[in-house]
Amino acid sequence: MKKNCTIRVALAGAALAAFSLAGPAAAQEGAAFFKGKTVTYIVATAPGGGYDTYGRLVAEYMQKYLPGSTFVVRNMPGAGHLVGTNAIYASKPDGLTIGSFNTGLIYNQLINADGVRFDLSKMSWVGKAASESRIVAVAAQSPIKTWQDLVSLKDPVNFAVAGPGSASYVETVMLANVLKLPVRIQTGYNGTDDQLAMRRGEIVGSIASRSSYDQFVKNGFGRLIAQIGGNDPNLPQMSAVVTDARAKELLALIESTGEIARLTAGPPAIPADRLEVLRGAFKQAMEDTDLRARAEKIGLPVDPLYGEAIVRMINAALKQSPETVALLKESMERKK
Amino acid sequence: MGACRLMIDVMFGSLVGLLTNPQTMGLMLIAVMIGLIVGATPGIGGRLSIALAIPFVFGMDMTQGAVFLLTMHAVNGTSGQISSIMFGVPGDGDDAATTIDGYPMAKKGEAGRALGASITASGFGGIVGAIVFAVMIPVLEPVVLSFSPAEFFLLAVLGITFIAFLAGKGQIFKGIIVGLFGMMLSTVGMDPQTGTARYSGDYLFLWDGLSTITAVLAVFAIPEMIALAARGGSIASTGGEIVKVSYRQLFAGVLEVPRHWFLAVRTSIIGAIIGMVPGLGGSAAAWLCYGHAVQTSKTPERFGHGAVEGVIAPETASNAKEGGSLLPTLFFGIPGSSGMAVMMGAFLILGIQPGPAMMTQNIDLVWTLIWALVVGNLIAISFLLFITRWVALLTFVNAAMLVPFILVLVMVGVYSAEGQWENLIILLLIAAIGWGLQRYDWPRAPFVIGLVLGKIAEESLHKALGLWGIGFFTRPLSLVLIGLIAATIAYAIYSNVKGKNVMPAGAGS
């Protein structure tokens, strides 16, 4: 990790040096533009919760590195991040509106779902603050101790997901279908409902983002039996234990959406010089020691990537085989 | 015995620690003020205020930071009642229950008495909530874990059956129609089972359902303002003469709480337990307790026309639930409400690790927080009682000056609650219906009950059926609740029939 960090800083330095040689005039013009301006940072959820916390942190520290600017966080919740994302996409591309939303919207775009009024590949990507690897968690009182235990169950057990169409729903339904997991999917468990239900015993497990289960596992209420992405040496990587080719393709998709978590993006066609300035400020914010200290204290992982790297990942994630898209479609449009 | 002595030491030690630290007390004062101001402004939830305060507590001492945020959150509900009583403008779904009797009291020139009673009731509820919190610590697990989706469904149904009492005598069918209309509107939005958008067209803002605060303001606030503007004069229609809102009137209100102490204790406990069980939501507590007050009253026909019990019950409940909802947050690390979810994030920043270990490692902090709830509520009550005398004078201001101001307040509230302008159109549409209901003397409370509890009922029924199939209601607690529902319905039919026989004429007067 340390080494990784050093390399990143070195690369950043190199990039900055190259950048300053290449276009000092443009960058200065871009930076000057933000003086005295107000930047609206749209968070596609209600106040509170991970998206809001990351959003406020990013906005606060981007402001620090864009002298003279004022960042205002605006919560635009609704329709599973669609309202906020549509608003970011439709905003004026002057660099004064950016924001954050769930990467799971990749799924919605792939199947061209209702309510999608954006094209993620065209957005102006600033960066991402973290990765949210997925895990399979089961209740502590359940006899299931390992992934193998789960797969070889005779009678299906209840797995909780949020509302239909949510990322947790889509991922769980797809994996259950392809891997023929012995699970019955119970919908409507939003927020931390699933954890309480696991304590009550009505729900046995859940496929969720790792950070939402850290505390639960630490308190001894549950255990993790597999991971998708992530680098926990004690957990089996799901892509390594499955053999089905279709499943591997799916896992790669889930992994990549997990990789680009806590993102910051703006509408298409923000002028290049201003986007560069925004990316620069985002990068400085991510490397700020104060931000790191605060994030660590709240238990928010910081694992950033910037600009073009994100664009490549988004484009890769949006290129899926027709079979995967069909599977997604089947999972998102629930049988009536 | 020794353990008991130790417990008492910790208990009072933390109280002394809290009261003798001038810095903590100063912070609490500031927190109470912020909490009251935020609570009095419609549309700004307590959640947002905590989220905004987080940067300020960063770096504070663990105990002080937690006390600061908790007090701010706890007194939030205490000031929301001011506008719901004085102008019929509830700040959120909980306050709507207070409006039903609070606003008629203001119209009778009794704003002072209503406010005295409601402020004291919310303080009382907050303190009983803290006591329930303390008592419940040992039995937290079995109690919280015995409520599953099956029980949520039955509790919601129980709340819906209270409609029969809320409608008033001879109006039971009107009540049911209005209640069903509310339930119908609760189905707007994404179907929790199939993910199909219902009655939403292409409008994304409807996907998450109708905004409760918008519907509540449309049904209560707007029709009252139209009526007030049409009538002229002031809210308090005491014949033009300004009744002096004296401390005596306020004090008379304060005394209503000890007069109805048994009701206040019951509704506080119900509120605290509903708060403890994540998933039922805050508005359910206020409405269930309002229904309970009507149902157990000897003179239910007074409700809706300015019965002071109708103010006491929801206010005790909505403050008591704060103590309750802190329990699963602190000891399970599973927040009981969205407000508590934000609070938990803040606790982590302060270095508090919620979870079962709190019980052994941080019990002094837990007690400090319980005392902070008590002391914070006391500060809030004293302050509000002190200023209310002047605030209540507003009910004697001429309508021509007051109505535009309140309408602006309502619209700002509707917009800022969810940040979607489309809700202003919904406000107009539902207000038209609300105005019709008010004009022709149809009950309006069943509408909000149907809207709030209908959604909970539908979601929990889906979950319960998915988990256990058709026989989901055979758990012991479920059977108790079914018994309560059957008894409520039987009693409603009985009293309705009896009411008709005894009072063949003039029942509606």
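Predicted model: local features only at pLDDT ≥ 70, side-chain atom pairs only at ≥ 80, totals over all residues.
Trainee: What makes the pair B:Glu141 and A:Arg199 a salt bridge?

Mentor: The rule asks for a side-chain nitrogen of Lys or Arg within 4 Å of a carboxyl oxygen of Asp or Glu. The closest N and O atoms of B:Glu141 and A:Arg199 are 2.9 Å apart, and therefore the pair counts as a salt bridge under that cut-off. Between chain B and chain A the count is 2 salt bridges, while 11 residue pairs, both residues at pLDDT 80 or more, are in polar contact across the interface.

Trainee: Which elements of chain B give two or more residues to the side that touches chain A?

Mentor: They are helix 3 (46-57), helix 8 (140-145), helix 16 (309-332), helix 17 (338-349), helix 20 (399-418) and helix 22 (445-468) of chain B. The largest share, 5 residues, comes from helix 3 of chain B, and the residues on that side divide into 24 nonpolar, 12 polar and 7 charged.

Trainee: How do you know how much area chain B and chain A bury between them?

Mentor: The size of an interface is often given as the accessible area lost when the parts come together. For chain B and chain A that value is about 3500 Å², with 58% of it on carbon and sulfur atoms. B:Leu204, B:Ile334 and B:Lys463 supply 16% of the area that chain B buries against chain A, more than any other three residues. In terms of contacts, 43 residues of chain B meet 41 residues of chain A.

Trainee: What makes A:Arg262 a lining residue of the largest cavity?

Mentor: A lining residue has an atom within 4 Å of a cavity point, and A:Arg262 is among the residues that line the largest cavity, as are A:Tyr41, A:Ser100 and A:Ala129. That cavity has a volume of about 40 Å³, and the structure holds 1 cavity of 30 Å³ or more. Helix 3 of chain A gives the largest share of the lining, 4 residues, and the lining divides into 6 nonpolar, 3 polar and 1 charged.

Terms used:
Residues numbered from 1 in each chain as written. Chains lettered and ligands numbered in written order. Heavy atoms only, no water. 1 Å grid on protein atoms, 1.4 Å probe; cavity = no way out; pocket = protein on both sides within 12 Å on 5 of 7 lines; lining within 4 Å. Points joined across faces, edges and corners; volume = space filled by probe spheres on them. Nonpolar A, V, L, I, M, F, W, Y, C, P; charged D, E, K, R; others polar. Contact = heavy atoms within 4.5 Å. Buried area = accessible area lost by both parts, 1.4 Å probe. Polar contact = N/O pair within 3.5 Å; in protein donor to acceptor, adjacent residues only side chain to side chain.
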